[in-house]
Amino acid sequence: MAATEPRNYPFTEADRLTVDPAFAGLRKDEPLCRVRFPYGEAAWLVTRYEDVRTVLGDPRFSRAEAVHRDEPRLRPHRGLKGSILDLDPPDHTRLRRIVAKAFTARHIERLRPRTEQIAAELADGMAARGAPADLVADFALPLPVTVICELLGVPLADRADFRTWSDALLSTTKYTPQQIQDCTDALMAYMAGLIAERRTAPHEDLLGALVDARDNDERLSERELQVLAVSLLVAGHETTASQIPNFVYTLLTHPGQLAALRADPGLVPGAVEELMRYVPLGNGAGMPRYALDDVELSGGTVRAGEAVVVCPVSANRDEAVYTDPDRLDVLRQEASHVGFGHGPHHCLGAQLARMELQVALSTLLDRLPGLRLAGPEESVVWKSGVALRGPERMPVTWDGSRDA
């Protein structure tokens, strides 16, 4: 394909949970679009469902190659060096196997009762204090934070510190490059301290298992151990903490779909999958891959050495795959979404996130009947300057609350 002048990406600023209409036009007329991000080299943007799955699953596209290139990105910093997200098989497979047992569907189901207990306590606390409540601070954030802290073995009392540090790691413009580096260094030092504690007093938790894999089996390096633990801590709560209020906001602004869930709570698991398809968590673009060979995709050929960025948000709205894709339908029974990715880098914590989201919605529907915004939609304060979309504050009320 002949080189074209790249378009600046993102095309527009993210507005709440809207999907940029430009993606629909690209899927139809230009499924392989040349783009330039705020930082890094130009890339091809892939917007169709099948092409996104190809790039994510085909070994001819490499994540590891990005380490040696000026990869296209939204932020000046490159993230944690040595992350599992920057590896290809077999190195990626080696690290993933170390932690995979903790995230199997069977193991996650064993965590469900404790997650339900945490969610119930948070919802009951909201009810006891009375409305209005902030769904983010009072429920959406502490639920996944508590779960990942208990799973990994991180003291919950330290959550304020690592919340600040992880927020910086996901910053696009909210923090300066120096602040990001300082927070990264602080988080890595914090995790190194916890690892040192495990070596003097072993614990039966995931961090203890990682230390054992390092010290006894030598299946990962010390740097890999620290980065993997930090990645699990950050990813283990940030995305779910954003998606819980995103899902609630979406349901509150689609009252017919919300009514269906209230009438039949058994629909919640399917609703979580549909909301994962429908709700954009980021700006639309995933981490870049580099073509190792020439590869044919819809719209042309990606040449060896060129960067490709997939757009799961667009893929999840592909008209060739989903009927009326811009409509939320909690009864939808169509192709699986790519909200958790696809291929070797399919989200390691997908089962944990699914379970937490199911528990969150079920608990809120059950324990806070008539849950609704405590004011106009403008009362919701949205995040800015970070990679993930979602409310920063979301005032809510419910039936029987003192302000109702």
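Reader: Where is the place of Asp-324?

Author: Asp-324 is in the loop between α13 (312-315) and α14; helices (H or I, at least four residues) and strands (E, at least two) are DSSP runs, numbered from the N terminus. The model is a predicted one, in which local features need pLDDT of at least 70, side-chain atom pairs count only at pLDDT 80 or more, and totals for chains, interfaces and linings use all residues. Residues are numbered from 1 along each chain as its sequence is written, and side-chain values use heavy atoms, with hydrogens and water left out.

Reader: Why does Asp-324 count as partly exposed?

Author: Buried means under 20% relative accessible area, exposed means over 50%, and partly exposed lies in between (1.4 Å probe, protein chains only). Asp-324 has 42% relative accessibility, and therefore counts as partly exposed. Its phi is near 50 degrees, which is a positive value in a residue other than glycine. Most residues other than glycine have a negative phi, and most peptide bonds are trans.

Reader: What is the phi of Arg-16, and where is this residue found?

Author: Phi of Arg-16 is near 50 degrees, again positive in a residue other than glycine. Arg-16 sits in the loop between β1 and α1. Because its relative accessibility is 36%, Arg-16 counts as partly exposed.

Reader: What makes the peptide bond from Tyr-9 to Pro-10 cis or trans?

Author: The bond from Tyr-9 to Pro-10 has omega near 0 degrees and is cis. Pro-10 belongs to the loop between β1 (7-8) and α1 (22-29). Another cis peptide bond joins Pro-89 and Pro-90, with omega about 10 degrees. Pro-90 lies in the loop between β4 (61-62) and α3 (91-100).

Reader: How do you know that the length of helix α4 agrees with its number of residues?

Author: The expected span of a helix is 1.5 Å times one less than its number of residues. Helix α4 (residues 105-129) has 25 residues and should therefore span 36 Å; its end C-alpha atoms are 35 Å apart, which agrees.

Reader: At which residue does α4 bend?

Author: The bend at a residue is the angle between axes fitted to the seven residues ending there and the seven starting there. At Arg-112 this angle is about 35 degrees, and a proline, Pro-113, follows within four residues. After α4 comes Gly-130, whose phi is positive, near 85 degrees.

Reader: What covers the buried residues of α4?

Author: The buried residues of α4 include Ile-108, Arg-112, Leu-122 and Met-126. Their cover includes β5 (133-134), α5 (135-140), α6 (142-152), α14 (350-367) and β13 (395-397).

Reader: Why is α14 called largely enclosed?

Author: Of the 18 residues of α14, 13 are buried, so the helix is largely enclosed by the rest of the structure.

Reader: Is Ile-148 buried or exposed?

Author: Ile-148 has a relative accessible area of 1% and is therefore buried. This residue is in helix α6. Leaving aside neighbours within four places in sequence, Ile-148 is in contact (heavy atoms within 4.5 Å) with Gly-153, Leu-232, Leu-233, Gly-236, His-237 and Leu-352. Ile-148 and Leu-352 are 204 residues apart in sequence, yet 9.3 Å apart in space, C-alpha to C-alpha.

Reader: Which helices each supply at least two residues of the lining of the second largest cavity?

Author: They are α10 (222-252), α11 (255-263) and α14. Among the lining residues are Val-248, Leu-258, Arg-262 and Leu-361.

Terms used. 1 Å grid on protein atoms, 1.4 Å probe; cavity = no way out; pocket = protein on both sides within 12 Å on 5 of 7 lines; lining within 4 Å.
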